[in-house]
Amino acid sequence: MLAAFCTLRQLCSVSAFPRVCGHARHTGGSVRGYLSPAGSHIAEWRGQNRKLKQVCARGVAGGPAWICPPPADPPSLLGRGAGRGYSTGDSWGKKKHASKRKVRLHAATLTMDPEVEQQLAPLRARCKEQGDLVRKLKADGAPEMDVKKEVQELKSRKKELEDTILKLSPPDTFDRAKMNDLVKRRFFFDNSFAIYGGVTGQYDYGPMGCDLVDNLLAEWHKHFVIQERMLKVNCSILTPEPVLKASGHVDKFADYMVKDVKSGECFRLDHLIKQHFEKEMANKKTPQEEKDALSLTLARLDGMNMEEMNALMRKHDMKSPLTGNDLTDAMEFNLMFPISIGPSGALKGFLRPETAQGIFVNFKRLLEYNQGKLPFACAQVGNAYRNEISPRSGLLRVREFTMAEIEHFCDPQDKSHPKFAQVADTEMMLYSGCAQMDGESAKRMTIGEAVHGGLVANETLGYYMARIQQYLLRIGITPKKLRFRQHLSNEMAHYACDCWDAECLTSYGWIECVGCADRSAYDLQQHTKGSGVRMCVERPLKEAKMVDTVVAVPDKGVLGKALKKDAKVVMEALEALTKEEAERMDKALSESGEFELNGFCLTRAMVPSFKKELKKVHVEEVIPSVIEPSFGIGRVFYSLLEHSFRVREDDDKRTFFSLPSVVAPIKVSVLPLSSKQEFVPFTTQLADGLTELNMSVRIDDSTGSIGRRYARTDEIAIPFGITVDFDTVNKTPHTVTLRERDSMQQVRMPIEEVPLTIKKLADGKILWKDVTEKWPIFTSQETTK
């Protein structure tokens, strides 16, 4: 059954399609920034980007893969000065932009009728034919250039297929202008430092945005940390250079950049080249031979170094796409923010680009806390920082962002999960690598079928994928607009075993919000090499065995006299040496007379000899594998806003967010019909009762009709509204009306019943239909004064 998906894992990979080059202001070094002492909840997600309106993967490159299309990089949202994005000025969200902002969504799941499928069948067949050709070339060991040439053809066939799918899909539009107006008016988020012109890639959350993010994280903590009994840490943002040198960020976390010689505007070079070539290839006047040459060069672009890209830019006389000015030569730009730790500036470091490294460097302490047992998981929520060259995608690509990451440490030879059976029947929309190669759509199947059929690498990875889906659905992500997409080899690090992204469909296309990867043992291995501290677990052997060892024999007197209080640390390090490390140290001491161990310079006098011996061991050292679910909170936040945005059918000017009560910023509003004194005791009684149950309450006793006040509370996603009317004051027992936001239905119920009822509704213990079945539907009040 699963053969059609992926019974073989040796597949040709699909290369990531380039994201559209960004044109952001304030990235040319003309603006100075300062690290805010209070972190803001802004998120982005790692990975490459893809072009607007992309549905499937566009392109393949050689190599074994878990195949998945590249993540989305939508155009700017709310970004001042970011290309064609809207500014925070007076024109923000005005009606003249509405036609540009009403966007047709891509089909989340295509259930086409037979006639439509008949039209798509030839296009799917062409994609499969080309995908098979690429696989064959890879299997036959064909030259890389030949493979990449056929990759470009596969890209064009995929583009034709997805454009046809989009054309034949049922219409689904989303008015982004109206949502942006609501976000702006109700201050969910906005540009940071807006009164000074703002800085691209930095955003502030307002009262509603802060509460919504806090509720998302609170539910995340409950869903993962509490229910999965995870450990938790809160590590430093200021990270010394050696830590990120070991992780690979110092050497590899960089892009090539060019600048406008006059304005200082910065552009990422590979994006600039791709954008220029795509424009030329789309030009009908460009000869076919030239188009073929450009296509071939595009296929080679990912493998080019800085000098080759620079030569390509000069050959085609590329200019600034904004001003037409000349561009500087390419330079390497590391995406981390460099800092100096301490007043002397001697200790170099960076603002952390991710939160995961803090967990890895504390592995030994966490293992000790967990009594030396595997498996265990550790979570961390915090801000990370990346100095993006062109942060022009609103909350989806920023320089300061919030991540919620989990590192699950497990035995590399046993990646089963004790609770997998509980989620095995969970149905998920999986977009496998084979489906992408063959031009097929995502398929719905249970995670149990996916794991047992070999599509998902192991139970632990599958378990977290299912739990991620449960979380996203609980907070309000639309099920039909959620899928899991398998990574391609070019997207995935060489050490990773398998990786899937939870993607949400928005008006910008499919946006990756959560990554779930099996990172093998790479991270702990790198920090073992960088620090000299062995990041391993002792696993009991079924039977003891004899092993050859090489043991250092130090002169404790000389060692103690030379190193004093540090002698104990060095002794422990000497005892922890492996056979290979001890032999290497002995050789170095014999040849040069010195050896550096964990930062201490040792001489032959300190370690005069090494001895070989047979040692009976009852345990073996194992470096754990890591399964990593990683959440971009800002992307989840934005996707949730789009999925929950609504317009009233009877009045297209009335817009609101239909957020689930579990994450709604404010749970309930209290609306007295009159400002007369006799209404105050009832309003106070309700507010105090709700507050005692830890429920957030908003009292709106302003003037204006009750309909307008309902509309105001709907706009900020308050799910329930209590109205204190004249019947409440004049009749006993005292009753009030309770209104539900989405249906606008109201019931009349005793005032004493209200707080506990709303608490149960907010916690998801009862549904609104349970309330309407118990209490009468309200039609009108009997008294009016």
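Trainee: What describes the packing of H9 and H11 in this predicted model?

Mentor: An angle and a distance. Two packed helices are described by the angle between their axes and the distance between the axes. For H9 and H11 the angle is about 35°, and the axes lie 10 Å apart.

Trainee: What makes the crossing of H9 and H11 left-handed or right-handed?

Mentor: A crossing is left-handed if the near helix is turned anticlockwise from the far one by less than a right angle. The crossing of H9 and H11 is left-handed. On the H9 side, the contact is made by Leu 269, Asp 270, Leu 272, Ile 273 and Phe 277. H11 contributes Met 309, Asn 310, Leu 312 and Met 313.

Trainee: How do you know that the buried residues of H11 line one face?

Mentor: Start with the list: Met 306, Met 309, Asn 310, Leu 312 and Met 313 are buried in H11. Seen down the helix axis, they fall within an arc of 160°, so they line one face. Glu 307 and Lys 315 are exposed on the other side of H11.

Trainee: What covers the buried residues of H11?

Mentor: The cover includes strand S7, helices H9 and H10, and strand S9.

Trainee: Which contact is found at the start of H11?

Mentor: A side-chain oxygen of Asn 305 comes within 3.2 Å of the backbone nitrogen of Glu 307. The cut-off for a polar contact is 3.5 Å, so this pair qualifies. Just after H11, Asp 317 has a positive phi of about 50°.

Trainee: What puts the buried residues of H20 on the same side?

Mentor: The residues are Ala 567, Val 570, Met 571, Ala 573 and Leu 574. Their arc around the axis is only 160°, which puts them on the same side of H20. Lys 568 and Glu 575 are exposed on the face turned away from that buried side. The buried residues pack against strands S19, S20 and S21 and helices H19 and H21.

Trainee: Why is strand S13 called largely enclosed?

Mentor: Buried means under 20% relative accessible area. In S13, 11 of the 11 residues are buried, so the strand is largely enclosed by the rest of the structure. Glu 400, Thr 402, Ala 404, Ile 406, His 408 and Cys 410 point one way, and Phe 401, Met 403, Glu 405, Glu 407 and Phe 409 the other.

Trainee: How do you know that S13 pairs with S12 and S23?

Mentor: Pairing needs at least two bridges. S12 and S13 share 10, in the antiparallel sense. Cys 378 has Glu 407 of S13 as its bridge partner. S13 and S23 are joined by 6 bridges and run antiparallel. There, Phe 409 stands opposite Val 626.

Technical notes. Residues numbered from 1 in each chain as written. Predicted model: local features only at pLDDT ≥ 70, side-chain atom pairs only at ≥ 80, totals over all residues. Heavy atoms only, no water. Buried < 20%, exposed > 50% of the residue type's maximum accessible area, 1.4 Å probe, protein only. Helix = DSSP H or I, 4+ residues; strand = E, 2+ residues; numbered from the N terminus. Arc of directions from axis to C-beta. Contact = heavy atoms within 4.5 Å. Polar contact = N/O pair within 3.5 Å; in protein donor to acceptor, adjacent residues only side chain to side chain. Axes fitted to C-alpha atoms, helices over the stretch in contact; angles between N-to-C directions.
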